[in-house]
Amino acid sequence: LAAQKNSSSSSSSPSAEPGAAVVRLCVQHPGEVIYFGDGLLHATCNLESFVLGLGAQGHAGAWPPLHRAARRNDIAVVRKFLEMDG
């Protein structure tokens, strides 16, 4: 679930008033990644018995190169690191 403030009356929710929270629901499937931008309030509900989630805060400059490549969606570099790891 993700909530954001409705900034106008032309929301996808016809009854939402300006400034009211708009709630969106999605189901994440295996292999999919969801990115929540800065300051976006969100909640999660696990539908399976095992779920792995990663999160981070702060500057990414200190992250390992593999993590920075994944953040940039640089698939070629990610594959290179994964192939090196065997």
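Guide: Zero disulfides are found in the structure, a disulfide being a pair of cysteine sulfur atoms within 2.5 Å. Cys-45 is exposed, because its relative accessible area is 65%, while Cys-26 counts as partly exposed at 48%; here buried means under 20% relative accessible area, exposed over 50% and partly exposed in between, with a 1.4 Å probe and protein chains only.

Please keep in mind that this is a predicted model, where local features need pLDDT of at least 70, side-chain atom pairs count only at pLDDT 80 or more, and totals for chains, interfaces and linings use all residues. Residues are numbered from 1 along each chain as its sequence is written, and side-chain values use heavy atoms, with hydrogens and water left out.

Gly-53 sits in the loop between β3 (41–42) and α1 (65–71); helices (H or I, at least four residues) and strands (E, at least two) are DSSP runs, numbered from the N terminus. Gly-53 counts as exposed because its relative accessibility is 62%.

On confidence, pLDDT is the predictor's confidence in each residue, from 0 to 100. The protein's mean pLDDT is 75, and 79% of its residues reach 70 or more. Over residues 6–12 pLDDT stays under 50. Where pLDDT is low, the predicted coordinates should not be read in detail.

Definitions and conventions:
Contact = heavy atoms within 4.5 Å.
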